[in-house]
Amino acid sequence: MHHHLRKTLLAGAVFFAGTAMSWAADCGVSSGRVSIIGNEFPAIKSVAAKAGECDNIEFKANLTADHQKLNVAGMQGNPAEYTTAIIANSSIVALINEDVIRPLDDLIAKHGQDIPAQQLITIDGKVMAVAFMANAQHLVYREDILEKIGVEPPKTYEELLAAAKMIREQGIMQNPVGGAFAAGWNLAEEFVNMYLGHGGEFYKPGTAEVSINNEKGVAALNMLKSLTEYMNPDYLTHDSNATSAEWEAGNVALMNMWGSRTGRLMDAEGSTPEVYENTKVAGPMTVGGGSDPAATLWWDGWTVSKNISDEDAEATFLAMKYGISPALLNDKTMGEAVWMIDGYQPADVNQGVFAAIAMQTTPYPMLPYQGLLHTALGDNIAEFLQGKESAEQALADIEAAYTAAAQEKGFLN
Amino acid sequence: MAFGQSFVGDVKHKSFFLFILPSMAAMVLFIALPILSVLVQSVFAPHEQVIVEVKNCGPFGCTESTMIDQEATEKLRAEQPLGRFVGAEIYMNRGHLAFGEIGQAWSASEGLGDFVSRVLNLPFYGALAFTLTYTAVVTPLAIAFGFVIAIAVNSLPRLFRGPMIFFSLLPMIVTPLIGALILFWMIDARGILGSAIQSIAGDPNLSLKASTPLTWIMLMVYGIWSSAPFAFVVYYAGLQTVPQDTLESAMIDGATRWERIRYVVLPHLLPLTTFMALIKIMDNFRVFEPIVSFSAAAHAQSLSYFIFQDLGGETRLLSSAAATSVLTIAGVAILLSPVLVRNWRDFNRMRA
C-alpha cells in the first residue's frame, strides 16, 4: 500500500517535471550557462526555445526589438551576462568592433564538423558566427486588389507607384502603399535599399569618408518621398510591427517588407480571409531603370561571448547548434524563415527572399563605421520627407552628422 | 541659523557635521562622482581606429571589407586607458554646440530668418528649441491647473474629497510610458481622438502625428496632464495650512472669493509655488518619455533623447552622450539660477 502510494507520487512528479521541461533534449552538454540576447521575431523565438530544451544547462533568453541597445553592454562584463547574441550582418559589426565575441574555430573542430561551410561567417579567416537563416525585404502585394485594377505585380518602384495611383483613383484604398518608414533605423534602411538600387556607393573608395550627396542620393530620397504620398499620414511612426498591423487590417495593398515577417501576414491569425488569402510575395523591386534590386540581403546567426568560461562557451555552442538543428523544423516553424537547415522545404511565403538571393541582391555592408552612417541617415531623412528641407540639404546634414560621429569614434581625422 | 556665533560652537559644529555626514557621503558617491566621471568621459574620445582590410565570407559569398585591428587597439588602450584627450572638441562639434557651423550659417545666410532656420537645423539647437518651449509652456500651465484642481477639490463636501483626490492623482499614478502610449493610440489617424479631430476638421488626411506643430501641442498637453497632479497634491496640502482667521476677517471685510484667493491664499502658497517651479523646470528640461512613447523623434527632440540615442545607436557614442549630459546639467543650472539667486537673497535678508 505504502509502496503503491509512493510510486503514484513519483509517477506524478515525473509527469509534472516532463511537462514543465517539455521534451528535454540531449545536446551533449554536461553543464554550463546559456543566456541569449536577440531580436524578437518568430524565427528567432523558435531557435531560442529549441536551444532552451537542452539538458543540464542553466538557460535564459532575452528577445527584444531593443537587443542592439543591450548586447554590447551585456557582453562587456566578465563574466558576460549574455553568453550568445543572435545578430545579423549589420549588428555583428558592433560586437566585433568592441571585441566581445570569440572565434569559434576550436569549438567547430571539436563539436561542429557537421555544420555546412556556407553557414560559417568567416571574418579575416576566423569563424565569428554561425548563420541559420537568410532574410531580405521584398514586395508583398494583395492579389485581389491588383486583379481588380488589372495590373501584374510590380517589378520596379515606378510600376508600384503607377499601381498605387490606380488603386487610389478607383477609390479602392486611400493609402495603398505600406512600409516600415519609422524615423530611425527603419527609415535609414529604406534609404540604404533605394540608394543601392540606384547603384550608389556609400563611401569614397578605400576610405571611411562618406559620399552620398550626389544625384543617386537625391533620386533615392525623391523616390522615398513619392512612396510616402501613398502612405498612411502617420508613416514616420510606423515600424515593421505597425506596418504589419496596417496590412492585416486590410488598409494596404503594396509594400516592401521583411521576408521574416510575411509568415505572420499569411497565417489565419489577426486578419480576415479576404486579406490573408490574397497576400502574396514576389522578389525585391528595382528602381530608376537600374538592374540591382533596391534591397539588401541579410543573414541571421549566433555568436559566442568572449568574456565567459570555456565551460559556458562550450555549453552555449552546443545548445545553439541544437537550436538550429533539423530538430527545429516542424509544420509551425517551416514557414517562419528561409532556414539554412537540412530538411528545410521552401514554402510560398519564402519565395520573396529566394528571389532576392537569385537576383544577387547586395548583402548589407559589414563595415566598422556603417552603423554610424545608418544612425545619421535615420536622424536626418524625416525633415526632407516632411517637406521642411531640400534633398541636398538632408544629404548634407547626413554627411555632416556622420562625419562628426566618425571623428569622435576615431574613424576619421 | 547662525551656527558659528554659538558659544558652544565646537560641540554644535561636530554634532552638525556628524548629523549630515551620511547624506554628504551619499551625495558625493551618487551625485558628485558620477558627474565627475561624465565630465572626464566628455573630454576623452576613443582611440584612432586601426583599420585592416579583410576578406569576409558567408552564405552569400565572399567580399573584401575592413575591420578594426583588435590587437593594435588593445595596445593603444593599454597605453592610454581613457582614450585620446580631445578637450572641448566634442562640445564644439556639429552634434553639440556647433560654433563652427553657426559661424558658417551666419556668413552664408541671407537674413535673420534664414540664419535662425539654419541654426535650428543643427541637432542641438533644434532640440533646445523644443525643450525650452516645452519647459516654458508646461511648467506654468501644470502648476496653474494643479492650483485650480486643488481649490476645486478643497471646496467640495468632505464626503467627495477622497474619491476626487484619487481620480485627480491618476495621471501621476499611471506609469509615464503607459500613459503616453494610451494617448498615442487614441490620437492615431485610426484612433478615437484622431478620427474625431479628422471629422471635426473635415480633412480625412489630417494626422496629429504627421504635423510638427500638432505633435508639439500633443506632447505639451501630455506633459501638463501628467504633471498637474503633482502640483495639485502639493497645493492641496498647502491649502490646509491657510490661516482660517485671516480668511474669516477678509470675509467680514467683504472680500469676494476671488479676492480671498488673490490676496490671502496665493501669497500664503508662494513658497510652495517656488518649490514646484524649481522641480518642474528641472523635470521638464529633461523631457524624454513622451518623445519615446509617442514615436515623436521625427518632430521633436530633446537633449535627454540625444543621450538615449547616442547610447542605443548601432554604434555607441559614449563621449557624445557624456558631453550632452554635461550640457543638460549646465542648462538646468542656467534655468534655475534666477530662482536660486532670489532664494539666496531672501535667506540673507532673513539672517540680517
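The buried residues run from A:Gln370, A:Gly371, A:Leu372 and A:Leu373 through A:His374, A:Thr375, A:Ala376 and A:Leu377 to A:Gly378, A:Asp379 and A:Asn380.

At the level of the whole chain, chain A is divided into domain 1, made up of residues 25-135 + 298-352, and domain 2, made up of residues 136-296 + 356-408. The centres of the two domains, taken over C-alpha atoms, are separated by 28 Å, and 20 residues of domain 1 of chain A are in contact with 23 residues of domain 2 of chain A. On the side of domain 1 that touches domain 2, the elements giving two or more residues are α2 (42-51), α4, β5 (126-142) and α15 (351-358) of chain A.

A:Leu146 is placed in helix α6 of chain A, which covers residues 143-149. A:Leu146 counts as buried because 20 other C-beta atoms lie within 10 Å, the cut-off for a buried residue being 20 or more. When neighbours within four places in sequence are left aside, A:Leu146 is in contact with A:Tyr141, A:Val151, A:Pro153 and A:Ala163. By contrast, the C-alpha atom of A:Tyr203, a residue 57 places apart from A:Leu146 along the chain, is separated from that of A:Leu146 by 39 Å.

As to confidence, the model scores ipTM 0.84 and pTM 0.86. For chain B, the mean pLDDT is 88, and 96% of the residues reach 70 or more. Within chain B, confidence is given as highest in helix α6 (residues 123-154), at a mean of 95, and as lowest in helix α8 (residues 176-186), at a mean of 86. Over residues 1-7 of chain B, however, pLDDT stays under 50, and for this stretch the model has 7 contacts beyond four places in sequence. Where pLDDT is low, the predicted coordinates should not be read in detail.

Notes
Residues are numbered from 1 along each chain as its sequence is written. Chains are lettered from A and ligands numbered from 1 in the order in which they are written. This is a predicted model: local features need pLDDT of at least 70, side-chain atom pairs count only at pLDDT 80 or more; totals for chains, interfaces and linings use all residues. A residue is buried if 20 or more other C-beta atoms lie within 10 Å of its own, exposed if 12 or fewer, and partly exposed in between; C-beta atoms are placed from the backbone. Helices (H or I, at least four residues) and strands (E, at least two) are DSSP runs, numbered from the N terminus. pLDDT is the predictor's confidence in each residue, from 0 to 100. Two residues are in contact if their C-beta atoms, placed from the backbone, lie within 7 Å. Domain bounds come from an automatic or database domain assignment.
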